[in-house]
Amino acid sequence: MALTQPEPGGVLQGQTDPRTGPLRGTLATTTCMETLQVGYLHAVAAAAGCSLSQPFPDNGIDWHVSHGAPDHVVDDEVTIKVQLKATYQIPPRPAGATFGFTLDNEHLVKLARTPVAVHKILVVMLVPRERDQWLSAGHDRLDLRHCCYWTNLAGQPVTGRRRTTVRIPTTRIFDDRALCEIMTRVGSGGTP
């Protein structure tokens, strides 16, 4: 019995149509977007030295992110709650200081509640419409496209009948440095 050997690029010979790319699974695009943003969060948390936990059952918050450091004032380990969202409807590098993102009012109320014992942030990932553009890999890198942005919605009012558009600052790119800065502020008794 002969085994098919993978090509140097990792694809089985004859299994890729050069016009359409590799044969991808049939999961819904939105499901795949959720998985991609979780991968992004995991990479950022790893680089920032944070631990992740997922509440079960999910009560409207996707992840808890914890950061331990002896310099924290309020505790040696602080935690924030993270709600992830993703969209391909907003282009990369949005023009202007902010871009609009629409949330169901019920969800916004949960994220905007104040005061809180554990702070919450919303992280919105902008992805290309086509899955074959979501990532690229080489010997020295793995690039995820496009970007995640974060905001603290504490105190944000509901303005729509069923949904409200919130403004996400384009200066708040969610990466390991941003996460460390968020945790430093929370660890000193401040807000994200």
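Colleague: Where is P115 found in this model?
Modeller: P115 sits in the loop between α2 and β5. The model is a predicted one.

Colleague: What kind of peptide bond joins T114 and P115, and what is omega?
Modeller: The bond joining T114 and P115 is cis, and omega is about -5 degrees. The peptide bond from R145 to H146 is also cis, with omega near 0 degrees. H146 belongs to the loop between β7 (141–144) and β8.

Colleague: What makes phi of R93 worth a remark?
Modeller: Phi of R93 is near 50 degrees, which is a positive value, and R93 is a residue other than glycine. R93 is placed in the loop between β3 and β4.

Colleague: Is R93 buried or exposed, and why?
Modeller: Exposed means over 50% relative accessible area. R93 has 79% relative accessibility, so R93 counts as exposed.

Colleague: Moving to helix α2, which of its residues are buried?
Modeller: Helix α2 covers residues 105–112, and its buried residues are N105, H107, L108, L111 and A112.

Colleague: How do you know that the buried residues of α2 line one face of the helix?
Modeller: Look down the axis of α2: the buried residues fall within an arc of 155 degrees, so they line one face.

Colleague: Why is E106 called exposed?
Modeller: The cut-off for exposed is over 50%. E106, a residue of helix α2, has a relative accessible area of 73%, and therefore E106 is exposed. As for its place in the fold, E106 and V158 are 52 residues apart in sequence, and their C-alpha atoms are 9.1 Å apart in space.

Colleague: Why is T151 called buried?
Modeller: Buried means under 20% relative accessible area. T151 has 5%, so T151 is buried. T151 belongs to strand β8, residues 147–151.

Colleague: What makes the pair T151 and R172 a polar contact?
Modeller: The limit for such a pair of N or O atoms is within 3.5 Å. The side chains of T151 and R172 are joined at 3.4 Å, and the pair counts as a polar contact. R172 is also one of the residues in contact with T151 once neighbours within four places in sequence are left aside; the others are I121, L122, R167, I168 and P169.

Colleague: Is Q37 buried or exposed, and why?
Modeller: The limit for buried is under 20%. Q37 has 6% relative accessibility, so Q37 counts as buried. Q37 lies in helix α1. Leaving aside neighbours within four places in sequence, Q37 is in contact with L84, K85, A86 and M125.

Colleague: Why is R131 called partly exposed?
Modeller: R131 has a relative accessible area of 23%, so R131 is partly exposed. R131 is in the loop between β5 and β6 (135–138). Not counting residues up to four places away in sequence, R131 touches R24, G25, L27, A28, T29 and C32. The C-alpha atoms of R131 and R145 are separated by 9.9 Å, and these two residues are 14 residues apart along the chain.

Colleague: How do helix α1 and helix α3 cross, and is the crossing left-handed or right-handed?
Modeller: The axes of α1 (residues 29–48) and α3 (residues 176–187) come within 8 Å and cross at roughly 65 degrees. The crossing is right-handed.

Colleague: Which residues meet there, and how many are nonpolar, polar or charged?
Modeller: From α1 come V44, A45, A47 and A48, and from α3 come D176, L179 and C180. By class, the contact has six nonpolar residues, no polar ones and one charged. Asp counts as charged.

Colleague: How many helices and strands are there in the protein, and what share of its residues is buried?
Modeller: The protein has three helices and nine strands. Buried residues make up 34% of its 192 residues.

Terms used
Residues numbered from 1 in each chain as written. Predicted model: local features only at pLDDT ≥ 70, side-chain atom pairs only at ≥ 80, totals over all residues. Heavy atoms only, no water. Helix = DSSP H or I, 4+ residues; strand = E, 2+ residues; numbered from the N terminus. Buried < 20%, exposed > 50% of the residue type's maximum accessible area, 1.4 Å probe, protein only. Polar contact = N/O pair within 3.5 Å; in protein donor to acceptor, adjacent residues only side chain to side chain. Contact = heavy atoms within 4.5 Å. Arc of directions from axis to C-beta. Axes fitted to C-alpha atoms, helices over the stretch in contact; angles between N-to-C directions. Left-handed = near helix turned anticlockwise from the far one by under 90°.
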